[in-house]
Every structure is written in C-alpha cells, then in structure tokens.
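Subject: Structure handover and notes

Dear colleague,

I am passing on the structure below, together with some notes on what I found in it. Please read them with the coordinates open beside you.

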Amino acid sequence: MTNGMSNTKMKTPGAAQTRFAQAAIDELGWWRAHKFLFLRRASQLCVLLTFAIGPWMGLWVLKGNLSSSELLGTVPLSDPLVTLQVLMTGHLPETALLVGALLIALFYLLAGGRVFCSWVCPVNLVTDCASWLRRKLRLPRTAEMPRGLRYYLLALVLLLPLVTGITVWEWVNPVPILYRALLFGAGSGLWILAMIFLLDLFISERAWCGHLCPTGALFALLGKASPVKVSAVNASACDNCMDCFEVCPERQVLKPALKGDNPMIVDSDCTQCGRCIDVCAQRVFQYQNRIALKAENNQ
Amino acid sequence: MSQVNRNSKAKGVNRRQFLATTARAGCAMGLLGLGVSGVAKQSSHLDPMAIRPPGALDEQDFLSACVRCGLCVQACPYDTLKLARWFEGAPTGTPYFTARTVPCEMCEDIPCVKACPSGSLDHALTNIDEAKMGIAVLIDEKNCLNFKGLRCDVCYRVCPLIDNAITLERQHNQRSDHHAMFLPTVNSDTCTGCGKCEHACVLEEAAIKVLPAHIALGKTATHDTYINTEETTLEMLNKGLTL
C-alpha cells in the first residue's frame, strides 16, 4: 500500500473497518466534516417546526402544509406541482394558489431547484436514513433504475388529472403525506413512507429521490439555470478516495466535474446538499455563485 | 461488428436500445398510472357520514381542485373540520366533518372558505345560510320521539334556521286520539347541512342525519311533464293530448 492511499479507508472485506469519511474527520475535525449535513438537517427541521408550532403551540407563522400555505397570514406559498395538477384538471384556482406557486417557483429558480430536495423535503430524512443504513450494513450495490424514470413519472402525474379529472397523485404523494401526518395527525398514510424506506434500503439504492420522485423532477427542471452550484474548484487535489461517490445521492453528476473540463456541477440532478464538500478531506468541492464567477472572469 | 458497437457506444444509445427503454418505461408508467388512478377512483366516493365544509364544489370538482393543504381545517375556530387519513371514508388529505361528533357552527364570516387557496371551497359563498354542506333527513321515524307523540323537539330547537330549515308539522295523534304530534320536517331548500340537529339528537343513534345532497335528494327526470301540473295539463289539452 502506497503512502498516498493510507488516508483512504479500506473497502475490502476483512480489512479493519474505519468509519466512513474518517479521513475528512481527521483532517478537518468533526464539525467541518459534518457542517452541511448539520445545516441541512437544521433547515429541514426548521421548516417543519415553523409549520408545526402553529397546530402544536398556537404560534402561527406558517399555516397549511407544503402543498399550500400562508406565511404570516398574508403571503401565499404553494407547491408548483400540485398547482400544475389542479390546472391540468381544468379547474381554475383562486389567485392565492397561483401566486403562491409562482413565488415558490421563483425562489427555486434562484436558489437551485433540487435545493428543495435536500434542504426542505421531509422525505429526504427517510431516504438518507435508508442510505446511511445501507452503508452501515454494507449492503451490496444493486442494479440501478434508469435516471430518466422521474421525468416519465412527472409526465404521468400531470397527464392523469387530464384523463381522470382529479389530482390522482395527491393520494400517494409522500411529501405532503409526511407533513399531514405530523401537522394533522393523519399517521395512517405513513405506510407509503415505510414502503419508500424499504425500497431504498433493500431493493434499489436511492430509488425514490434519485430515480422516481416527480416533485424532485419538476424542481430539477426549475433549477437548471440557477446561479448557485457546487463546484469541484480543487479537482487537482482529488486523491480518488471515492468518499464523495459513496455519499452522493446523485453520484453520476460528480464525474464530469472531477474529470471533465468544467469543474462546476451543472447537472440539474445535483441536490446541492453539500455532503461532498463535507466528506472530502482534500476540500475539492465548494459552493459557488455562477454569475458572480462569470463577472469576476470578465473583469 | 466491433465498428458498429463502438459507434453505438459513442452515441450513448442506439435506436433499438432507445425504443426498448421507451417501451419499458412507457409500460411501467402505464401500469403505475392505472394503479394509482384505480386507488384514487375507488376511494374518491365520500363516506355518506363525512360532510364537506361549506361552499365545497360538487365532489368530482372538489377532488380536482382541493390541494389538501389543511388551511380550512386550521381556519376553523371550532375544530369541526378534519383532514381525512388513509383508510378512512373520505379521500386522503381532504377536509370533512362528522356532524354527529362536531357540527358546523355556521360562522358568519366563513373563515374556512376564505382560507381556501384553490377555490375548492367556493369563494362566491358569502352568506353561510346559503351553504349546502348536506341535507338533514329524518331518517328513522320509528324511533324519533316526536313521532311517538312526545315533545322532544331538540333538533328543531337547535337548528340555526329554526322554523325555516326545520319546522314542526302538527298532526292528529291517532294513537291517543286526543293529542297532537309535532313532526320535525326538514325543508331541503333551506337546510344548510350544518348537522346541529344530528349532533343534538337525544337518541343513542341519531334519528335525523345529515347526508350529502346527492344521497339525500331525489331528482325529477328532465322529461317529466308534471313539474308544473297546472300548466302542463293546459298545454296537453291545447295540444290535443299528444303527449
């Protein structure tokens, strides 16, 4: 074993098992090796708590749930996918729903589409948990589903209201189901989340968020042009330890940035979770503002 | 041969692969779509005892409009509205109430309708007395105390539209032959379906129940000529009884 590889953990069975991303923890300390994971969890819980302190404690900052809500009794916010489904049924909703969907769409247009998936969506907690367990139990990699499936599913979700006249997807959409369970005590829908957990854990890794979820697909399309991206600014320092590949929910986006000409992760599948930044002892990745960067280069 | 393979690799996918993948994904999505639609259709029939909030559109339109956000539930000051759970009578996530448990208190400003962002609760409803959440039906005359000749009258007295939506119809009591019976009678034109009568009924199981309008009401066929008997008869006479 060469010196250069002594940092990397060993993956061969029987070898001494080191903790995942031990190199990053040794190099940077526990906090810096978990910073974005921690911030992300805080963000997900904050959004959830802002909704929950209403029904739980009577402090109404946000009313409703992720499908549609009202901020401080005035600003409407709504899920663009639900709104599109309603429009596809042929029902013209009140302006509140349309304005709400527009506001949310604008926000993710700027912040990066799948920022929703990793920083807001509660289902991410479930699927990340499955993925973590998968790593802990050292379950074998399974055959991957095609990545394009989510776009087919998105098309299906938007097509069904046109055919059936009702917003069919909302019966099984796990995102609002989890919120409704926590905010309205409607726990009996949680079986769908249990299914997703088991699917991710035993059948196909990252199956739901990475391959199927139509909400994520719509946000990916929305965030195509967003200025905020993760970039492999320090790609030359990469020692191929593969920790980022291990942890990335959309690992196909990493290779072009690490080995290609453009270090920026432009693939809209990237959820900008920042976990690759965390686990890299070499500090290869960074959040970057595409537009600020361009302006700098032009000077 | 190897040349062909290399070419196809360079392009990523060849036509055959593309067609196969598309067909497979199409089939998978078709099956999934059928499955989800099946579940949705199956459970889209509202449980007769689950009543929609005031201003709710017809069930089919309601299900196309409602985004299941729960804003109406949170706007209700009386905890009347609930969001349906999976495996319950109403379609999952949609608002309903069970009149026997908590009836609608008929708020004058109708906060639930105002809160609805999608218009599945019709914002054109501004007078709660015009709400049509359901229709009260005196469903069991045998056990209703008033039909036994007693003066219970509870449903009549709690009705927010007393003497309008529920009236007491005086009738001779055949059994005792010298008493009167006062029969609670629902006027389906003015009943809002708030469910206060059902909630207040003193029996263990209410004798008066609020049902969705499509269950509670009969409907005259459009070709029926007896809707306006007097006019119809004249018309028929004039036409020489051609009908």
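A residue is called buried here when its relative accessible area is under 20%, exposed when that area is over 50%, and partly exposed in between. Please keep in mind throughout that this is a predicted model.

By that cut-off, the buried residues of helix 8 of chain A are A:Pro174, A:Val175, A:Pro176, A:Ile177, A:Leu178, A:Tyr179, A:Arg180, A:Ala181, A:Leu183 and A:Phe184. Since 10 of the 11 residues of helix 8 of chain A are buried, this helix is largely enclosed by the rest of the structure. Just after helix 8 of chain A comes A:Gly185, which takes a positive phi of about 65°.

Helix 9 of chain A, which runs over residues 191-203, has 13 residues and spans 17 Å from its first C-alpha to its last, close to the 18 Å expected at 1.5 Å a residue. In helix 9 of chain A, the buried residues are A:Ile192, A:Leu193, A:Ile196, A:Asp200 and A:Leu201. They cover an arc of only 165° around the axis, and therefore lie on the same side of helix 9 of chain A. The cover over these buried residues includes helix 6 (123-136), helix 8 (174-184) and helix 10 (207-212) of chain A, whereas the face of helix 9 turned away from its buried side carries the exposed residues A:Phe202 and A:Ile203.

A:Leu49, which has its place in helix 2 of chain A, is partly exposed, with a relative accessible area of 44%.

Two backbone positions may also be worth a look. Although A:Gln272 is not a glycine, it has a positive phi of about 50°; A:Gln272 sits in the loop between helix 13 (254-259) and helix 14 (275-279) of chain A, and, at 5% relative accessibility, it counts as buried. In chain B, B:Ile110 is likewise not a glycine and has a positive phi of about 40°. B:Ile110 is found in the loop between strand 2 (95-96) and helix 5 (111-115) of chain B, and its relative accessibility of 4% makes it count as buried.

With best regards

Notes
Residues numbered from 1 in each chain as written. Chains lettered and ligands numbered in written order. Predicted model: local features only at pLDDT ≥ 70, side-chain atom pairs only at ≥ 80, totals over all residues. Heavy atoms only, no water. Helix = DSSP H or I, 4+ residues; strand = E, 2+ residues; numbered from the N terminus. Buried < 20%, exposed > 50% of the residue type's maximum accessible area, 1.4 Å probe, protein only. Expected span 1.5 Å × (residues − 1). Arc of directions from axis to C-beta. Contact = heavy atoms within 4.5 Å.
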